[in-house]
Amino acid sequence: MPMSSSPAVAVAVASAAVVALAVANRVLYKLALVPLKSYPFFLAQLTTFGYVTVYFSILYARYRAGVVTRDMLTLPKIRFAVIGLLEALGVAAGMSAGAMLPGPAIPILSQSFLVWQLIFSVLLLGKTYSLRQIIGCLLVTSGVILAVASGANDGHLLSGVKLIWPLLMVVSSAFQAGASILKESVFVDGAKRLKGKRPDIFVVNSFGSGFQALFVFLLLPLLSNLRGIKLAELSGHLNGGAECFLNVGESPIDCGGAPFLPLLFIFVNMAFNISLLNLVKMSSAVVASLTATSAVPISIYILSLPLPYIPQGAELSASFILGGIVLLMGLILYNLPQSSKESKTD
């Protein structure tokens, strides 16, 4: 059935907010890792515990205001625990890889998120997609690949980068895609348990971030081994990260841009995650992912420019524009009005 104009406008406004925040989030993600390049796990810890503090504060306020009900708070926590584990692995792996990758490479490698998301939505939610939607998603992925692979004037964008880092970014996207599909399942299952009323987004965000903080802490010794940091050195590593973040003491590396850039990233990242989950609640995880993907060419273009603390730039060719056109064609194709036959299978 066609949507009424009011929900359609609401989804359009939410989508525009997601695109704007997605661009800011991707650019600041790389900028935040400039001063903390040697301390990605400290930034992961800081970001995660920032989530817990802010999200639970908002959740408490919404509970007192009556927006969040007691029934929402008593939803089963096992899915939240799995979401937290996946997001902890995704954040730690992503920040480790992001610190070692050139800026424009991060958005393109992150597009594996959409592929993983389609796979997981079929396996976990039992969804099916029409040929038109599958082709649309393939065009989106092809567009961003074309924009980056042929867009840098220095040839191969990942030349000189060890294979482990791009692979780790792809694995990070798999963890995050699994978490996003589980969040969608929480909304669907929660609506059944709450008699048609979907759980508040801050219930999902708060409990998910709480378990994420727990798992980031528990998995830190294991994850730190990926960067060759021994358990005995972990405490000193985190202390060094704190000093670099505060930009105090005599750090052996240049911590210029801290703490402003990391704090700005954390703020924008929270706003992006809230807006993205709101769009998931209004539509679906895949639609939200496709919307965020439309910000990729803009992010790549900005990251190719000389930026504060990243003076190296890259001239993008006309193929970048072609890639953007292919991406938008994919988005349009996926979001074309469905026929009644397609609606039965989507």
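Me: Where is G143 found?
Reply: G143 is found in helix α7. Helices here are DSSP runs of H or I with at least four residues, strands are E runs of at least two, and both are numbered from the N terminus. Note that this is a predicted model: local features need pLDDT of at least 70, side-chain atom pairs count only at pLDDT 80 or more, and totals for chains, interfaces and linings use all residues. Residues are numbered from 1 along each chain as its sequence is written, and side-chain values use heavy atoms, with hydrogens and water left out.

Me: Why is G143 called buried?
Reply: Buried means under 20% relative accessible area, exposed means over 50%, and partly exposed is in between (1.4 Å probe, protein chains only). G143 has a relative accessible area of 0%, so G143 is buried.

Me: What does G143 touch?
Reply: Contact means heavy atoms within 4.5 Å. Not counting residues up to four places away in sequence, G143 touches G323, V326 and L327. The C-alpha atoms of G143 and G323 are separated by 4.1 Å. Along the chain, these two residues are 180 residues apart.

Me: How many helices and strands does the protein chain have?
Reply: The secondary structure comes to 15 helices and 0 strands. Buried residues make up 51% of the 346 residues. Among contacts with a separation of 6 or more, 85% come from residues 24 or more positions apart.

Me: Why is the pair of D200 and R62 called a salt bridge?
Reply: A salt bridge is a side-chain nitrogen of Lys or Arg within 4 Å of a carboxyl oxygen of Asp or Glu. The closest N and O atoms of D200 and R62 are 2.6 Å apart, and the pair forms a salt bridge. D200 lies in the loop between α8 and α9 (201–224) and R62 in helix α2, so the pair ties together parts that are 138 residues apart in sequence. The structure holds 4 salt bridges.

Me: Is D200 buried or exposed?
Reply: D200 has a relative accessible area of 5%, so D200 is buried. R62 comes to 27%, so R62 is partly exposed.

Me: Which side chain meets K183 in a salt bridge?
Reply: The side chain of E87 does, at 2.7 Å, N to O. K183 lies in helix α8 and E87 in helix α4 (residues 78–98), so the pair ties together parts that are 96 residues apart in sequence. Both K183 and E87 are buried.

Me: What joins the side chains of E184 and K127?
Reply: A polar contact of 2.7 Å joins them. A polar contact is a pair of N or O atoms within 3.5 Å; within protein, one must be able to donate a hydrogen and the other to accept it, and residues adjacent in sequence count only if both atoms are side-chain atoms. The side chains of E184 and K127 also meet in a salt bridge (2.7 Å, N to O). The pair links distant parts of the chain: E184 is in helix α8, K127 in the loop between α6 and α7, 57 residues apart.

Me: Why does E184 count as buried?
Reply: E184 is at 6% relative accessibility, so E184 counts as buried. Besides K127, E184 touches L125, V280, S284 and A285, not counting residues up to four places away in sequence.

Me: Why is the pair of Y51 and Y55 called stacked?
Reply: Rings of Phe, Tyr and Trp (its six-membered ring) pair if their centres lie within 6.5 Å; planes under 30 degrees apart count as stacked, over 60 as edge-to-face and the rest as tilted. By this rule the count comes to 7 aromatic pairs. The ring centres of Y51 and Y55 are 5.6 Å apart and their planes are at 15°, so the pair is stacked. Both residues lie in helix α2 (residues 40–64), 4 residues apart, about one turn of the helix. Y51, Y55 and F202 form one aromatic cluster.

Me: Where is N269, and is N269 buried or exposed?
Reply: N269 is in helix α11 (residues 260–282). Its relative accessible area is 8%, so N269 is buried. The side chain of N269 makes a polar contact with the side chain of N25 (2.8 Å). N269 touches N25, T47 and Y51, not counting residues up to four places away in sequence.
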